[in-house]
Amino acid sequence: MSEPPAPDARSALAELARRAAIASRLRSASETQLLQSILDTAVILFRAEAASLALTSRDGRSLEFVVASGSKGQGVVGRTIAMGEGIAGYVSQTGQPIALVTPEQDPRFGRTVAEQTGYVPSSILAVPLLTADRTVGVIEVLESRDGAFTGTDLELASAFARQAAIAVDAFRVEREFPLLVARALESYGLAVDADLGTELAGLDDDHDDDFWNLVDEISALSSVSPRTRAFVLDLLPLVHRHFQESKGLRFGR
């Protein structure tokens with residue numbers, strides 16, 4: 001029978017998991033910025049009205065639209081569809097790119113999302129985000145200003161999708177860190193005890209709003225100058241020391 005990790009090892013693993021959760025939160029902002037830039041470039045290059053990117057859920061049963069470009073595409077962000085639903089769901093499920101004119105006449109067209117957003121594009125170009133082992137999402141380029149997307153557009157969009165897939169795959173390790181820890185322990189014949197298992201499983205559901213708000217604010221510093229970041233790095237230890245000293249005075253230490 002496998003044994004739970006020793007107390008010291010368990011403490012180290014819990015701290016490693018906590019730091020990985022923070023790193024994942026920080027990296028998520030960078031990931032979104034990169035995917036947004038890919039979509040913004042695609043809209044310009046393909047002379048399109050809008051574009052959107054949806055990512056496959058961890059269980060592979062649904063897609064969530066996480067970024068969009070163009071004023072007409074913004075309403076889709078945050079919406080979730082089932083795998084196989086609509087053009088995006090079809091492309092994600094089959095791994096096949098597709099280009100359509102008058103997509104609302106196609107039986108695969110997702111009318112529910114169109115009704116929710118109030119936007120029905122006159123043409124759609126949809127390509128899967130493929131990694132070595134699975135489809136991680138879909139890019140849709142919407143409404144060509146030239147009337148229709150061409151075969152060349154389809155090939156070029158697939159190149160954009162490959163870059164987006166690389167970005168998504170690179171960040172996947174952080175998002176799946178709890179599972180990786182469990183597998184690593186299992187490979188050494190060690191069991192994750194109930195408490196540590198709960199901590200690892202709950203990393204994505206941490207609701208310490210003040211703490212994560214601080215993490216989000218710090219993650220926004222990725223776009224500022226190195227001098228500004230250096231100032232914040234110098235400032236944070238001073239703030240921490242101030243509160244530690246205030247705490248000691250409060251309790252007569």
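Visitor: What makes D146 and R47 a salt bridge?

Guide: This is a predicted model, so to speak of local features we need pLDDT of at least 70, and side-chain atom pairs count only at pLDDT 80 or more, while totals for chains, interfaces and linings use all residues. Residues are numbered from 1 along each chain as its sequence is written, and side-chain values use heavy atoms, with hydrogens and water left out. A salt bridge needs a side-chain nitrogen of Lys or Arg within 4 Å of a carboxyl oxygen of Asp or Glu. In D146 and R47 the closest N and O atoms are 3.1 Å apart, so the pair meets the definition.

Visitor: Which parts of the chain does that pair link?

Guide: Distant ones. D146 sits in the loop between β6 (135–144) and α4 (151–175). R47 sits in the loop between α1 (7–45) and β1 (48–56), 99 residues apart from D146. Helices (H or I, at least four residues) and strands (E, at least two) are DSSP runs, numbered from the N terminus.

Visitor: Why is D146 called exposed, and R47 partly exposed?

Guide: Buried means under 20% relative accessible area, exposed over 50%, and partly exposed in between, with a 1.4 Å probe and protein chains only. D146 has 54%, so it is exposed. R47 has 42%, so it is partly exposed.

Visitor: What makes R145 and E49 a salt bridge?

Guide: Their closest N and O atoms are 3.3 Å apart. R145 lies in the loop between β6 and α4, and E49 in strand β1, so this pair ties together parts 96 residues apart in sequence. E49 has a relative accessible area of 26%, so it is partly exposed.

Visitor: How many salt bridges does the structure hold?

Guide: It holds 4. Among them is R108 with D106, at 2.8 Å from N to O.

Visitor: Is D106 buried or exposed?

Guide: Buried, because its relative accessible area is 12%. R108 comes to 29%, so R108 is partly exposed.

Visitor: Why is E143 called buried?

Guide: Its relative accessibility is 16%, so it counts as buried. E143 is found in strand β6. E143 and A50 are 93 residues apart in sequence, and 6.9 Å apart in space, C-alpha to C-alpha.

Visitor: How many cavities of 30 Å³ or more are there?

Guide: There is 1. On a 1 Å grid over the protein atoms alone, a cavity is a set of points where a 1.4 Å probe fits but cannot get out. The volume of the largest cavity is about 300 Å³, a volume being the space filled by probe spheres set on the points.

Visitor: Which residues lie nearest the centre of the largest cavity?

Guide: F65, V76, V113, A114 and E140, out of 21 lining residues. Lining residues have an atom within 4 Å of a point. The elements giving two or more residues to this lining are α2 (86–94), α3 (111–117) and β6.

Visitor: How many lining residues of the largest cavity are nonpolar, polar and charged?

Guide: There are 12 nonpolar, 6 polar and 3 charged residues. Ala, Val, Leu, Ile, Met, Phe, Trp, Tyr, Cys and Pro count as nonpolar, Asp, Glu, Lys and Arg as charged, and the others, Gly among them, as polar.

Visitor: How many helices and strands does the protein have?

Guide: Its secondary structure comes to 8 helices and 6 strands. Buried residues make up 38% of the 253 residues.

Note on methods:
On a 1 Å grid over the protein atoms alone, a cavity is a set of points where a 1.4 Å probe fits but cannot get out, and a pocket is an open set with protein on both sides within 12 Å along at least five of seven lines; lining residues have an atom within 4 Å of a point.
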